[in-house]
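Please keep the sequence and the 3D view open as you read along.

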Amino acid sequence: MNLFLDYLTVTALFAFVALPAVVGLLRERRITRQLRDAERREAAPAETEGATRPGGVTRRLNGRSWAKA
């Protein structure tokens, strides 16, 4: 029984430490998805009207950091 409680304690501490990182990752993915959807909505009317999109206006999302977007 002591071994089980030791494993349970280690697992609970690991989850307590890893939880903020997982929440931050999920939040960043949600924001990235929202930005991508907004960019697609901006591009959709221009493409249907036959206008070409300038090459230098495209925003590139960097998956490594939100600060470099």
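**Overview**

Of the chain's 69 residues, 1% count as buried, where buried means under 20% relative accessible area, exposed over 50% and partly exposed in between (1.4 Å probe, protein chains only). This is a predicted model, in which local features need pLDDT of at least 70 and side-chain atom pairs count only at pLDDT 80 or more, while totals for chains, interfaces and linings use all residues. Residues are numbered from 1 along each chain as its sequence is written, and side-chain values use heavy atoms, with hydrogens and water left out.

**Fold and surface**

- The chain has one helix and zero strands; both are DSSP runs, helices being H or I with at least four residues and strands E with at least two, numbered from the N terminus.

**Surface patches**

- Met 1, Phe 4, Leu 5 and Leu 8 make a nonpolar surface patch of about 460 Å².
- Patch members have over 30% relative accessible area and no salt bridge, with like charges joined within 9 Å and nonpolar side chains (Val, Leu, Ile, Met, Phe, Trp, Tyr) within 5 Å.
- Phe 4 sits in helix α1, residues 2-48.

**The salt bridge**

- The whole structure holds one salt bridge, meaning a side-chain nitrogen of Lys or Arg within 4 Å of a carboxyl oxygen of Asp or Glu.
- Arg 40 pairs with Asp 37 in this salt bridge, their closest N and O atoms being 3.9 Å apart.
- Both Arg 40 and Asp 37 belong to helix α1, three residues apart, or about one turn of the helix.
- Arg 40 is exposed at 54% relative accessible area, whereas Asp 37 is partly exposed at 29%.

Note on methods. Areas by Shrake-Rupley, 256 points an atom, 1.4 Å probe, with all protein chains shown as cover.
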